Amino acid sequence: MKKNLILVWSLILIMFMNILPVHAAYNSPNNLYVVKAGDTLPEIANKFDTTIEELKLTNGLQSDSLFVEQKLWVPIMHEVVTGETLQTIASTYHSSVDTIKKANGLVSDELFAGQILKVSPKKMTMQGQHILMSKEEFRDWLFNNQFNRDIRIIQQHHTWLPSYEQFKGTNHFQMLQSMENFHKKEMGWQNIAQNITTFPDGKVAVSRPFNIAPEGSIGPTANSVGLTIENIGNFDLGHDVMTKEQQDTIVYITALLCIKFGLTPSIDSITYHHWWNLQTKERVLDNGPDYNVKTCPGTNFFGGNSTNDAKKHFYPLVSSKIEEILATID
């Protein structure tokens, strides 16, 4: 009798052990995969029953290269519990209601307890190497990624041309492609010069990969350890008046970059193109003769383009935003 009882309990334990991992996997609250040494996109795609293209679209990947500790959104299986909605599930797993419905062939928003759903992360908006995001999407993208280049300077530029007149509200990619074509064909550069572009509607684009130093007239001293932000618009006095949406985005993403790369806002970490000599490529701050410096990022860029303007009008906004963001990070 005792032997039979032990056998019964052993069988129950085996069944429980076989069932538990399945339910634990279904109800995992985290579908961020942390890249380990030796991981490849094909292996990760196979592991999570997805494709390389899906992984690249849902994570804004510009190449097949991966870095240790990089975080990737991956599909997950989820078992519905009482009270859950498609919206709450989508919010939990960085997805959307439409994405979940499409992946599971759902024709309504109704769910029932015990239902098994495949939850895929929402896709990013990409064309070629260009990734178009809201400033909040940029935050997730930035913090999930790892970079293999020393980054110590954030460059602020304005495009001058194209200006607000050329922005039509929906032509972000056309403008990016035009700039890329001009930089490659007319300037002889290898790629679009800037890593980041901001737009009048507050959208932000990543184009030139962060692991590749920017190009341009600011010179190798600033470029070798720099990231370039091109802000669409002509922000010299008397020209474009920057929208609040673009102002907010410039401050927000600059703060995010400071957090990511451990920078404190100062003339050494956040630089204006105006402070660099076009001939020598050296930093001259406010002492460059007009014929050897550009007004970029504009004589009316957050109050002006001098170092005093940056210290008085721009750096305090970035510092305040850094504190605000850090207060929301667990």
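Biologist: At roughly what angle do the axes of helix α9 and helix α10 cross?

Modeller: Bear in mind that this is a predicted model. In it, the axes of α9 (residues 244-261) and α10 (residues 307-328) cross at roughly 65 degrees and come within 8 Å. That angle makes α9 roughly perpendicular to α10.

Biologist: Which residues make the contact there?

Modeller: From α9 you have Ile-250, Val-251, Tyr-252, Thr-254, Ala-255, Leu-256, Cys-258 and Ile-259. On the α10 side, Phe-314, Leu-317, Val-318, Lys-321, Ile-322, Ile-325 and Leu-326 take part.

Biologist: And how does the contact of α9 with α10 split by class?

Modeller: There are 13 nonpolar residues in the contact, plus 1 polar and 1 charged.

Biologist: Is the crossing left-handed or right-handed?

Modeller: Right-handed, where α9 passes α10.

Biologist: Let's zoom in on β7, then. Are its residues mostly buried or exposed?

Modeller: Buried: 6 of the 6 residues in β7 (residues 153-158). Both faces are covered, with Ile-153, Gln-155 and His-157 on one side and Ile-154, Gln-156 and His-158 on the other.

Biologist: How many bridges join β7 to β10?

Modeller: 6 bridges, and β7 runs parallel to β10 (residues 226-231). β7 also pairs with β11 (residues 270-272) in the parallel sense, over 3 bridges.

Biologist: What stands opposite Gln-155 in β10?

Modeller: Thr-228. In β11, the residue opposite Gln-155 is Thr-271.

Biologist: And where does β8 come in? How many bridges does it have with β10?

Modeller: β8 (residues 196-198) pairs with β10 over 3 bridges, in the parallel sense. Ile-196 has Ile-229 as its bridge partner in β10.

Biologist: Remind me, what actually holds paired strands together in a sheet?

Modeller: Strands of a sheet pair through backbone hydrogen bonds, and the pairing can be parallel or antiparallel.

How values were computed
Residues numbered from 1 in each chain as written. Predicted model: local features only at pLDDT ≥ 70, side-chain atom pairs only at ≥ 80, totals over all residues. Heavy atoms only, no water. Buried < 20%, exposed > 50% of the residue type's maximum accessible area, 1.4 Å probe, protein only. Helix = DSSP H or I, 4+ residues; strand = E, 2+ residues; numbered from the N terminus. Pairing = 2+ DSSP bridges. Axes fitted to C-alpha atoms, helices over the stretch in contact; angles between N-to-C directions. Parallel < 35°, antiparallel > 145°, perpendicular 65-115°, else oblique. Left-handed = near helix turned anticlockwise from the far one by under 90°. Contact = heavy atoms within 4.5 Å. Nonpolar A, V, L, I, M, F, W, Y, C, P; charged D, E, K, R; others polar.
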